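Dear colleague,

Please find the structure below, together with its sequence. My notes on it follow.

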Amino acid sequence: MESNDKQQPKGAGSGKKPGRQLNFYWVYAIVAMLLLTMAMLGDTAGKKQLQWSEFKELAKAGHIAEVSHDGAFASIHYDKAYSDSLRLGKDEPSFLPQAYGRADATMNIPVGEIYQTELKELQEKHGFAVRYEPPNEWGGQILSWVIFLGLMVIVWMFLMRRLGGGPAGGGQIFNIGKSKAQLFEKGQGTDVTFEDVAGVDGAKEELQEIVDFLKSPDKYTELGAKIPKGALLVGPPGTGKTLLAKAVAGEAQVPFFSLSGSDFVEMFVGVGASRVRDLFKQAKEKSPAIIFIDEIDAIGRARGKNANFGSNDERENTLNQLLTEMDGFGTNSGVIILAATNRADILDKALMRAGRFDRQIYVDMPDVNERKFIFDVHLRPIKTDTSVDVEFLSKQTPGFSGADIANVCNEAALFAARKGRKLVTHQDFLDAVDRIIGGLEKRSKIISAQEKNTIAFHEAGHAVVSWLVEFASPLVKVSIVPRGQSLGAAWYLPEERAITTTEQIFDEMCASLGGRAAEEIMFGKISTGALSDLEKVTKQAYAMVSVYGLNERIGNRSYYDSRGESTFTKPYSEETARIIDEEVSAVIERAYARAKEILKDNKDKLEALAQSLLDNEVIFKEDVQRILGARPFGEPPLLVETAVTSVDDEDSAGQTPAADAEPAEDVAGKDNPVA
Ligand code: ADP
Ligand code: ZN
């Protein structure tokens, strides 16, 4: 989520004053003080412990001045001359004031009548004082209390700092129930308008009504019409939901409270609910206003599931409070709630009821035309030269969201700047697209000639198979320039099908396995380079068998769990699990066999293509066509597009393929059966 908050938005509620930063080193000072006091008070700490025989020696030598004891434990004071002589050579901390009653040594008087009498005899003979003191634990007790209290204070201070989330030490804890919403007042970042949001015309139309209401509520209320209290923006990330909500605020010139669903969540019970209350209170004070809750699924997830986890209670409370507030405030209070999510299906049904988020506005991934408009919006601030072909760029960016396109434009400008150009060229944009799909080119990466050969045949294998099967996506280019995590890649311009047939998935699997098949045919051995191919194929096969009901043995069944209800239990038996696994391997092996067959029949073409790759590193569709001839089945009709590339991994050892280049989405995620 980007917010164009160039001006520092005023934090609403959290009220962070430019508080004075307390230095916490004084905590250490307290600890040091405590230790010092302990040393000073400590009557006996660190003192020499005398044995009875040693004591007798000292007494006979006349060094003992005083013995005070409670019958078992004795503190011993030497006479002045002796103790001075002792202190001379030692590193006794002389800076400590000689506290009253500090003993020179201690001793445990052995148990037994005879030692008591012996002590008495020694006393009479050598004339030192013996005092009997009843056991006195006061000193020790006070000390431990002081330490205990000190520790408590320290712990408390730390907790305060933690909770308050601010450096002001203390105080902040009282703000924990306040909403964390960012407030954009008039003119502060709410200058976004519908002009800045491209391509989502349907959504804009629906939101226009809300804008009208916020501008002139009377027009509606006079007719007795009720205005929706909330609208839910549903769509994948980066499609401009936040931007739309901001544009509504900007169009209507009203304050805009923005926060994320997770801002309500705290580990303390009741905090979420109180934050909701506070948010609505603030919004009503500023009404008409818009509250925008991003990622509302963080609190709006259906209640009552997995109820055995304690944390759910708190979330439920928060959600309940949200529902209550939405019911509670009058229709005409002028506060409108917009929320965004990419999983409308998991939201609590109560949220969607009439009078709450009764409008759902779908914000979908942009198609070719919409991408063009989005490019236009983001090209506005960029200085481009005349070579930039927006039409072509929007065709080259299937599956890109608005945020991705914004990113492309920015990257292109960065490329141009890096090369010291004054204007951004078309090539910069193409490089930016490639970079976002596959990472930066690493021409300097060291690859042996033999590895390069393998990669060339692998990519050529993909190209040949995808060229010769009926339904595989049309090829755009093949490259063996390493970039990011990958060593080579084949770019396709896939169609964004609304529905996909078994044959289409199968053909795509064949094309994905073409790389490995080529390696086996040419070199008789296979490598780790096919990791991401295999990952994709495996996902597709599982989706075929267990999600889309495209397998004969499993039949017309889907074990897809769109609501994520059974996380721990599988909705099928062990027996079925076994069949699914069997069928998955069967279909993959079939696809692999077919890919190998195609490549064996066209070995000369495979070799020619690989050679061309080795010579040029990057070859385009036209080159492929020259070598392989026209596609036997013609190009599949271009409806709309989705996935982008097939990227090959350098090796499987602990490396994850670049996620953004992962086209498996089109089967497992995108055309999900709910839609
Ligand atoms: P979401 O909230 O749906 O995840 P955002 O609204 O945060 O997406 O979009 C992020 C950025 O992507 C926006 O700030 C904007 O620059 C760009 N963007 C996304 N969709 C569009 C669009 N339809 N038109 C123009 N820019 C867009
Ligand atoms: Zn591959």
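Does Trp145 count as buried or exposed, and at what relative accessibility? Trp145 counts as exposed because its relative accessibility is 54%, and exposed means over 50%. Please bear in mind that this is a predicted model.

Trp145 is placed in helix α5, which covers residues 138-164. Together with Phe148, Leu149 and Met152, Trp145 forms a nonpolar patch on the surface. The accessible area of these residues together is about 470 Å².

Thr425 is buried because its relative accessible area is 14%, and buried means under 20%. Leaving aside residues up to four places away in sequence, Thr425 touches Asp385, Ser387 and Val388.

I also looked at cysteines. Cys409 counts as buried, at 2% relative accessibility, and Cys510 counts as buried at 0%. A search of the whole structure finds 0 disulfides. A disulfide is a covalent bond between the sulfur atoms of two cysteines.

Finally, a word on confidence. The protein chain has a mean pLDDT of 77, and 76% of its residues reach 70 or more. Confidence is highest in helix α20 (residues 574-601), at a mean of 94, and lowest in helix α23 (residues 665-670), at 30. Over residues 94-100 pLDDT stays under 50, and the model has 5 contacts beyond four places in sequence for this stretch. Residues 165-171 also have pLDDT below 50, with 9 contacts beyond near neighbours in sequence. Where pLDDT is low, the predicted coordinates should not be read in detail.

Yours sincerely

Notes. Residues are numbered from 1 along each chain as its sequence is written. Chains are lettered from A and ligands numbered from 1 in the order in which they are written. This is a predicted model: local features need pLDDT of at least 70, side-chain atom pairs count only at pLDDT 80 or more; totals for chains, interfaces and linings use all residues. Side-chain values use heavy atoms; hydrogens and water are left out. Patches are made of residues with over 30% relative accessible area and no salt bridge: like charges are joined within 9 Å, nonpolar side chains (Val, Leu, Ile, Met, Phe, Trp, Tyr) within 5 Å. Accessible areas come from the Shrake-Rupley method with a 1.4 Å probe; for residues, only the protein chains shown count as cover. A salt bridge is a side-chain nitrogen of Lys or Arg within 4 Å of a carboxyl oxygen of Asp or Glu. Helices (H or I, at least four residues) and strands (E, at least two) are DSSP runs, numbered from the N terminus. Buried means under 20% relative accessible area, exposed over 50%, partly exposed in between (1.4 Å probe, protein chains only). A disulfide is a pair of cysteine sulfur atoms within 2.5 Å. Contact means heavy atoms within 4.5 Å. pLDDT is the predictor's confidence in each residue, from 0 to 100.
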